[in-house]
Amino acid sequence: MATPTKVAAVAEITQDFNDSTAAVLTEYRGLTVAQLKELRVSLGQDTKFAVVKNTLTAIAAKEAGVDAFEGQLSGPTAIAFIKGDAVAAAKSLTDFAKANKQLVIKTGIFEGKALDASEVAALAALESRELQLAKVAGILKAPMAAAARTLDALRLKLAEGAPVEEAPAAEEAPAEEAPAAEAETTEA
């Protein structure tokens, strides 16, 4: 018979799965409370790092339609429920795991796709969303910036009163006058 406390815990974990874009299953055996607090702080506001009971998590995962954690729920388990930037959270987790060998990244899910530990590390190796967007903006901005510099240089040249080199149309004008000059000489 399920107690109201367990039912509430399952409902909370199920809701966390449903609200998250990604989740990473870890084993935290040997970490101190201070280290866990440090990890939670490094993950930021958009990631909830929760110590969970394996049986309740199995039930909640099944209710949420998550099958990536089957067979992985053993030992002291904690899950990072990621609602924000999955790359930044995965990077924080892997960096913390490198510094604290007691934290073991077992598996994860990202947008419904199951990830093993190496795929979580690969996700962490990606550049952050903000950096990728900044690079795209820079690429899109480059042609406009070059055009603006060219127009500004032309404006400065005109403002200084310096003669401005004309486009190829100016070169064609003398060529057009030559046949007219030839026609005048043949008439004379």
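The model is predicted: local features need pLDDT of at least 70, side-chain atom pairs count only at pLDDT 80 or more, and totals for chains, interfaces and linings use all residues. Residues are numbered from 1 along each chain as its sequence is written, and side-chain values use heavy atoms, with hydrogens and water left out.

Start with the sheet. Five strands form an open sheet in the order S2-S3-S1-S4-S5. Its pairing is antiparallel. Strands here are DSSP runs (E, at least two residues), as are helices (H or I, at least four), and both are numbered from the N terminus. Two strands pair if DSSP finds at least two bridges between them. Strands S2 (47–52) and S5 (113–116) stand at the edges. Each has a single partner strand, so one side of each is left without a neighbour in the sheet. On average, neighbouring strands of this sheet are turned by 20° against each other, direction ignored. The angle is taken between axes, which are lines fitted to C-alpha atoms.

Now look at S1 (residues 22–27) and S3. Six bridges join these antiparallel strands. In one of the pairings, Thr26 has Ala78 of S3 as its bridge partner.

Rings of Phe, Tyr and Trp (its six-membered ring) pair if their centres lie within 6.5 Å; planes under 30 degrees apart count as stacked, over 60 as edge-to-face and the rest as tilted. By this rule there are two aromatic pairs. The Phe17 and Phe69 rings have centres 5.7 Å apart and planes at 50°, so this pair is tilted. Phe17 lies in helix H1 (residues 4–19) and Phe69 in the loop between helix H3 (54–64) and strand S3 (77–82), so the pair ties together parts 52 residues apart in sequence. Phe17 and Phe81 have ring centres 5.2 Å apart and planes at 85°, so they are edge-to-face. Phe81 lies in S3 and Phe17 in H1, so this contact ties together parts 64 residues apart in sequence. Phe17, Phe69 and Phe81 form one aromatic cluster.

How buried is each ring-bearing residue? Buried means under 20% relative accessible area, exposed over 50%, and partly exposed in between (1.4 Å probe, protein chains only). Phe17 is buried at 6%. Phe69 is buried at 2%, and Phe81 is buried at 1%.

Finally, turn to helix H6 (residues 129–160), which holds Leu151. Leu151 counts as exposed because its relative accessibility is 58%.

Notes:
Axes fitted to C-alpha atoms, helices over the stretch in contact; angles between N-to-C directions.
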